[in-house]
Amino acid sequence: MIQTLTVRENVTTWVDVCHLSDILPNTGVCALIEGEQVAIFRIEPGTDIYAIGNYDPFSKAYVLSRGIVGDRNGIPKVASPIYKQNFSLLTGQCLDDETVKVPTYKVRVVDDRVQVGMG
Amino acid sequence: MTAKKNLVVIGNGMVGHKFLEQMIAKGANQNWNLITFCEEPRVAYDRVNLSGFFAGKTAADLSLVEPGLYQENGIQIYIGDRVVEINREDKTVLSANGVTVNYDKIVLATGSYPFVPPIKGKDVPGTFVYRTIEDLEAMSAYAKTCKTGVVIGGGLLGLEAANALKNLGLDTHVVEFAPRLMPVQIDDAGGSILRSKIEELGLGVHTSKSTTEIVSENDKIVKMLFADGSELPTDMIVFSAGIRPRDELAKQCGLAVGERGGIVINESCQTSDSNIYAIGECALYQNRIYGLVAPGYTMAGVVADILSEGTPSSFTGADMSTKLKLLGVDVASFGDNFGKTPGAKEIAIADTINGTYKKLVLSADGKLLLGGILVGDASAYGTLLQFVQNQITLPPYPEDLLLPPREGKPSTPAMGVENLPDTAQICSCNNVSKGQICNAIRENQLVDVPSVKKCTKAGTGCGGCVPLVTDLLKSEMKKAGIEVKNHLCEHFPHSRQELYHLLRVNRIKTFDELIQKLGKGTGCEICKPAVASMLASTWNEHVLETSHVKLQDTNDYFLANIQKDGTYSVVPRVPGGEITPEQLIVLGEVAKEFGLYTKITGGQRIDLFGARVDQLPLIWRRLVDAGFESGHAYGKALRTVKSCVGSTWCRFGVQDSTSLAIEIELRYRGLRSPHKLKSAVSGCTRECAEAQGKDFGIIATENGWNLYVCGNGGMKPQHAVLLAADIDKETLIKYLDRFLVFYIRTADRLERTATWFNKLEGGIEYLKQVIVEDSLGICAELEAQMEHLVKTYQCEWKATIESPEKMKRFRHFVNSDKPDPSLVYVEERGQKRPATEAEKSLVISQ
Ligand code: SRM
Ligand SMILES: Cc1cc2nc3c(=O)[nH]c(=O)nc-3n(C[C@H](O)[C@H](O)[C@H](O)COP(=O)(O)OP(=O)(O)OC[C@H]3O[C@@H](n4cnc5c(N)ncnc54)[C@H](O)[C@@H]3O)c2cc1C
Ligand code: SF4
Ligand code: FES
């Protein structure tokens with residue numbers, strides 16, 4: 001079940017998504033960007049923002065933004081709300097099945113606005 | 001250093017994988033280039049638990065290969081590629097994809113294929129076999145167009161396939177050539193008990209039937225014909241008439257094979273070419289094929305020992321004992337099950353009321369157990385097998401070993417794990433002995449069953465030995481003076497009970513404070529919801545308060561149950577199951593307006609399915625306006641208090657069970673607990689509300705009420721136990737308050753009352769002392785905590801729709817008002833349901 005990774009080394013546009021306060025600390029939201037569903041998480045302390053695909057390859061539903069976030073041995077991760085597989089927020093790698101990976105996106109916060117990099 | 005030699009393993013099934021794992025464990029990958037060909041489109045998976053696929057397990061769940069294992073150890077694997085030729089002269093193998101590899105040694109682990117008898121029509125569309133994940137996918141897709149299904153073959157695998165057909169919703173039949181089911185494992189008496197149990201489940205059983213033809217019309221199967229002139233209409237057929245070894249490569253390159261197939265091996269698992277080994281279901285040892293995984297694993301171990309130049313070992317045959325749960329019926333057969341040893345004696349008990357059959361085969365002098373058969377209840381299997389394998393002298397009245405535990409008495413005073421010799425085999429699937437397990441526990445200071453499994457592999461096959469492994473772990477830990485730890489997860493070095501206590505005495509009200517003071521890291525999906533539940537059952541703040549939101553699983557976050565496609569279900573509370581015509585109309589209208597699928601639940605209320613996140617608040621606004629409240633179907637909380645109509649209408653009722661059920665449901669609604677809580681009230685001893693299958697159940701008597709506690713249905717049904725008899729309503733509520741808070745304070749995470757009760761030392765007597773006699777002097781405190789919770793109850797949905805801040809969350813996209821575009825529905829029986837993947841691709845391509 002290997003997912004192809006969207007490689008976005010060269011960001012050409014930064015798409016404005018929402019205000020930072022639209023994402024409650026330590027939860028996620030889903031954004032619709034150029035027809036793609038992107039799950040964006042805000043992790044505290046430190047206001048780190050991560051973005052991965054919203055599609056859960058295990059349940060085949062678009063739900064990852066609704067998972068519980070936390071860490072496994074210090075790696076920030078989200079657990080799918082359906083069958084509870086965990087995904088690293090850093091790399092999109094599924095931590096419970098080496099063969100599965102979801103895409104990651106570049107994100108940044110400018111003047112309290114969350115932006116996702118697309119290319 | 002000499003150059004590494006090439007070892008080609010053909011077949012990456014259960015045994016092929018086991019062999020590679022053993023080679024790695026023995027460090028032999030240092031001396032060998034390990035190359036393996038895997039015909040299937042995925043690496044080895046757990047075929048033994050293949051049927052779990054229908055219970056929702058994914059291919060990933062079933063995989064046996066620890067991620068990274070092959071890569072890290074330099075094993076070259078060709079997935080989806082089959083070896084088509086072995087050239088013994090050039091010492092090369094050639095694959096279907098055209099890969100050629102030189103070999104020094106070969107291990108054949110090609111397994112077997114399902115045998116399909118040469119019946120007319122055997123290859124028509126609608127016929128299947130049951131061996132691979134692809135077989136199951138094809139079966140379940142085809143079953144959608146069928147009403148009836150037949151399995152040909154009533155052996156172990158046939159019954160498993162029948163279970164699958166039944167779960168796919170088909171009217172299911174089993175056709176067996178022999179006069180009884182499972183002819184290899186059990187005798188006639190056991191067979192007839194098994195048959196009646198299976199018939200009770202609504203399956204058709206047809207024995208002594210030989211199929212002669214499968215008849216199709218317009219490419220669809222219509223019926224099958226039997227040699228005796230009878231016929232059986234059906235829409236699809238699954239063949240499970242035995243297995244045949246895959247020896248085609250062996251034949252191609254001229255190795256010796258058996259008369260009826262199978263690659264001939266010696267005690268070293270070598271074939272007629274000493275450079276080629278064969279292991280698993282393709283191998284024939286002393287004219288015998290072993291169709292179970294354990295003997296295959298033993299062979300894998302033998303070859304790994306030889307090729308790693310480790311301790312010499314040999315394969316000298318294997319035990320074919322099995323324990324299985326087929327269609328929910330336990331079946332076990334072990335040792336000399338048919339009493340073939342000269343002079344063997346038998347003791348058998350056939351209980352046609354409870355549907356159990358147990359037979360012991362004893363040695364001529366009655367001192368040793370040689371084998372046996374268990375049907376309907378195989379709980380004694382582990383113990384009995386130990387008697388056989390270790391030749392332990394039987395107690396004076398061996399039949400005692402067969403009797404079920406009687407009320408108030410502990411179960412068979414069989415042998416504790418302490419009394420087993422170190423050589424006793426505990427896990428037969430992976431051939432792990434007691435000594436190995438105990439050493440692993442001691443040396444690695446293991447403290448939980450998952451680590452013992454990981455470390456020793458015991459318990460990772462059929463799972464049948466896990467209770468014994470657990471007992472061993474407990475006894476080892478006790479010996480070492482270690483208290484049995486049950487840390488919540490990697491973030492908290494405390495059990496749920498300890499955390500709960502600390503949280504209350506330190507008056508901690510948020511997760512952040514708790515993890516800062518008592519834990520580490522940022523938490524996870526295990527500790528966060530557990531802590532949320534503890535906070536709720538102590539302080540009772542709204543679960544969507546900003547500080548709690550991040551702790552909630554999606555069900556609690558959106559106050560609804562997530563479904564497979566990411567939509568949610570809506571379950572309003574219907575206290576006691578009583579509902580007015582007006583309320584029914586509102587539910588109907590709301591369902592129509594929002595296009596929801598409706599169903600009466602098993603909990604006496606109505607579930608509305610298929611609500612999108614953005615629809616949830618709109619739906620609930622309508623429901624709240626009509627007087628409905630949250631039913632907490634999404635929470636680990638009080639679910640329903642079912643009722644029967646009781647004395648108000650029923651001619652036998654002795655008390656008003658409906659009124660009491662409503663009162664109780666309203667009192668405890670919203671109560672958060674370690675696991676869900678269910679209750680019921682029956683109006684008389686006929687028990688139509690099934691109160692004895694509930695966490696707390698109440699049954700009316702002439703003089704008042706009987707209170708039963710700690711029962712449940714579900715995966716492991718257990719009857720509730722009587723806590724107090726003939727009490728009045730006030731006393732009943734007092735006891736309930738105490739009982740519930742005591743449970744909430746002391747149970748483990750996700751531990752239902754029955755499981756909690758089973759661990760309670762002193763059992764019901766102790767519980768009576770605490771709850772009725774207040775032996776711990778805590779009852780006033782327990783009642784006060786419940787009083788606080790009852791007073792501070794609020795309907796979570798009402799509070800949510802009244803808060804614009806909370807409402808903001810209910811949208812699929814943060815930057816768009818569009819709903820989730822991936823949702824697709826089709827119509828079935830006049831209502832919608834989620835489209836399957838196949839249907840989706842059709843809809844999308846149109
Ligand atoms: C809807 C319903 C089936 C139905 O169509 O009738 C149902 C549906 C679910 N049940 Fe159930 N159970 C339903 C009645 C039951 C009953 C019957 C009863 O309550 O009288 C039982 C057996 C009785 C018992 O629990 O003791 C039952 C035993 C389970 C279990 C096994 C619990 C156990 O301890 O073994 C689970 C799994 C769990 O909770 O871990 C479960 C879990 C579930 C979940 C939550 C599974 C999930 O995570 O998706 C289902 C989701 C409900 C939803 O989305 O709304 N459900 N479930 C029933 C809802 C009743 C209600 O009105 O609230
Ligand atoms: C539904 C079901 C339930 C079962 N339940 C139990 C149980 O409860 N207990 C028990 O002990 N056993 C059970 N079994 C049996 C158990 O699964 C087998 O004994 C075990 O899988 C045998 O392992 P193996 O490696 O020999 O064969 P397999 O697991 O069949 O592996 C052989 C692999 O080799 C591949 N192969 C074949 N030829 C080639 C080639 N030329 N090139 C490359 N690859 C090739 C095949 O595609 C296959 O993937 C069950 C089996 C099934 C189907
Ligand atoms: S339990 Fe008693 S009161 Fe209730 S319906 Fe059955 S017979 Fe009637
Ligand atoms: S006996 Fe099957 S897993 Fe141990």
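Me: What lies 2.7 Å from a polar side-chain atom of B:D607?

Reply: An oxygen atom of ligand 1. Read such a pair as a polar contact, that is, N or O atoms within 3.5 Å. This is a predicted model, in which local features need pLDDT of at least 70 and side-chain atom pairs count only at pLDDT 80 or more, while totals for chains, interfaces and linings use all residues. Residues are numbered from 1 along each chain as its sequence is written, chains are lettered from A and ligands numbered from 1 in the order in which they are written, and side-chain values use heavy atoms, with hydrogens and water left out.

Me: Which residues are closest to ligand 2?

Reply: They are B:V15, B:E39, B:E40, B:R131 and B:E281, out of 29 that surround ligand 2. Check the polar pairs next. The side chain of B:E39 has an N or O atom 2.5 Å from an oxygen atom of ligand 2. For B:E281, a polar side-chain atom lies 2.7 Å from a ligand 2 oxygen. B:A109 uses a backbone N or O atom, at 3.5 Å.

Me: What is the make-up of the shell around ligand 3?

Reply: It divides into 5 nonpolar, 3 polar and 2 charged residues. Among them are B:C644, B:C650, B:C684 and B:C688. B:R686 and B:E687 are also in this shell.

Me: How many residues form the largest nonpolar core?

Reply: Nonpolar side chains tend to be buried together in soluble globular proteins. The largest core here has 61 residues, and B:F696, B:W756 and B:L767 touch the most other members. Helix α21 (residues 729-746) of chain B gives the largest share of this core, 10 residues. Another core, of 54 residues, lies apart from it and includes B:I24, B:W32, B:F37 and B:A304. Contact means heavy atoms within 4.5 Å. Leaving out residues up to four places away in sequence, B:W756 touches B:F739, B:F742, B:Y743 and B:L767, among others.

Me: How many helices and strands does chain A have?

Reply: Chain A has 0 helices and 11 strands. Of its 119 residues, 55% count as buried. Confidence is given as pLDDT, from 0 to 100. The mean for chain A is 86, and 91% of its residues reach 70 or more. Residues 1-8 of chain A stay under 50.

Me: Why does A:I49 count as buried?

Reply: A:I49 counts as buried because its relative accessibility is 14%. The cut-off for buried is under 20%. A:I49 sits in strand β4 (residues 48-53) of chain A. Residues up to four places away aside, A:I49 touches A:L20, A:I40, A:F41, A:R42, A:V107, A:V109 and A:V114. A:V114 is 65 residues from A:I49 in sequence, yet their C-alpha atoms are 8.5 Å apart.

Notes: A polar contact is a pair of N or O atoms within 3.5 Å; within protein, one must be able to donate a hydrogen and the other to accept it, and residues adjacent in sequence count only if both atoms are side-chain atoms. A nonpolar core is a set of buried Ala, Val, Leu, Ile, Met, Phe, Trp, Tyr and Cys residues joined through side-chain atoms within 4.5 Å. Buried means under 20% relative accessible area, exposed over 50%, partly exposed in between (1.4 Å probe, protein chains only). Helices (H or I, at least four residues) and strands (E, at least two) are DSSP runs, numbered from the N terminus. pLDDT is the predictor's confidence in each residue, from 0 to 100. A residue is near a molecule or strand if one of its heavy atoms lies within 4 Å of it. Ala, Val, Leu, Ile, Met, Phe, Trp, Tyr, Cys and Pro count as nonpolar, Asp, Glu, Lys and Arg as charged, and the others, Gly among them, as polar.
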